[in-house]
Amino acid sequence: PKRVAFGMATNGVMSPEKATYIARHLNLVTLSFDGPPDIQNAQRPKVDGSESYDDVVAFIGTLREHKTPYVVRCTVTDLNVERLPELVDFFTETAPGALIHLEPAFGRGRCLDNPEQIPMADRFADRFIEALERAEERDAMVRYSAARIRGSYSSFCGCAQDAFNVTPDGQITGCYEVCDSSNEFADIFHYGVWNPDTGAFDIDRERLNRLRTLTVQNKELCANCFAKWNCSGDCPVKLVRGEARFDFQRPSARCQMNRKITRHLLSMALDKKKCRFV
């Protein structure tokens, strides 16, 4: 028999009743949480501008009470990039046992209006490496999505592997970050729509076939890169820029960052008999 697992990504701000329902019924929760009160409240205020830190900590308490597995996903900006080793300590104590994802902000959403908040690639790489060393000391697990050494991957995500994600308005999207028909990249990542008249999905074969090309084997810029099977050409939606709607062959500042972190992870794996990041 087939087994179905249910998970969600959330900011953790909700009523106690909803938190309990989630903790009781979901198999995995990814929680957006950026750090201590001064960071969390600055980067993730509520809609009315009030503080969100206490809500998130209460949500973690509910998850732990029900023994619900969860992952912390921290957005790294210019505000908190220098504090990454400290954040490992913080999350180890505040969200014990959780896998910690540290991901740099990029030029979408609010960062379009505040590009100065995007951390420089070298700064993120250097502080992330320090965070890895701290995580080893604290017996914690820290990850960054574009530096993976646990296997080899032909694509960064399921986008090139016929990912079938249905949006609330019936669109099929290959990218979790492009889940609205009004998104500026919907013409790239949306490849089908539910047709109520036929009771089936109408598939745009041309778009689907273009998405299928987004494997590292088709990216010339990755040909001679030692990290090509780890970063796999990086996240497609983060590489879409300007008028070149489907040009994924241009290098970005993330390339150097991904290589630097991957090189360090490989070095850690070779230097130690047991490395938690392998």
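**Exercise 1.** Which residue in β3 does V29 stand opposite?

*Solution.* The model is predicted, so local features require pLDDT of at least 70 and side-chain atom pairs pLDDT 80 or more, while totals for chains, interfaces and linings use all residues. Residues are numbered from 1 along each chain as its sequence is written, and side-chain values use heavy atoms, without hydrogens and water.

Step 1. Helices (H or I, at least four residues) and strands (E, at least two) are DSSP runs, numbered from the N terminus; two strands pair if DSSP finds at least two bridges between them.

Step 2. β2 and β3 run parallel and are joined by four bridges. Opposite V29 stands Y70 of β3.

Step 3. With strand β4 (residues 99-104), β3 forms six bridges, again in the parallel sense; here R73 stands opposite H101. From β3 the chain passes through α4 to β4 in a right-handed β-α-β crossover (with the strands pointing away from the viewer, the path from the first strand over the helix to the second runs clockwise).

Step 4. Six of the seven residues of β3 are buried (under 20% relative accessible area; exposed is over 50%, partly exposed in between, with a 1.4 Å probe and protein chains only).

**Exercise 2.** Identify the buried residues of helix α3 and what covers them.

*Solution.* Step 1. Helix α3 (residues 53-65) spans 19 Å from its first C-alpha to its last, close to the expected 18 Å (1.5 Å times one less than its number of residues).

Step 1. Its buried residues are Y53, V56, F59, I60, T62 and L63.

Step 2. Their cover includes β1 (7-10), α1 (16-25), β2 (28-32), α2 (37-43), β3 (70-76) and α4 (84-94), with contact meaning heavy atoms within 4.5 Å.

Step 3. After α3 comes K67, whose phi is positive, near 55 degrees.

**Exercise 3.** In what order do the four strands of the open sheet lie?

*Solution.* Step 1. The order is β6-β7-β8-β9, with antiparallel pairing. β6 (165-166) and β9 (200-203) are the edge strands, each pairing on one side only.

Step 1. Between β7 (residues 171-173) and β8 (residues 190-195) there are three bridges, and T173 has H190 as its bridge partner in β8.

**Exercise 4.** Is D234 buried or exposed?

*Solution.* Step 1. D234 lies in the loop between α8 (228-231) and α9 (236-239), and its phi is positive, near 70 degrees.

Step 1. D234 is buried, with a relative accessible area of 4%.
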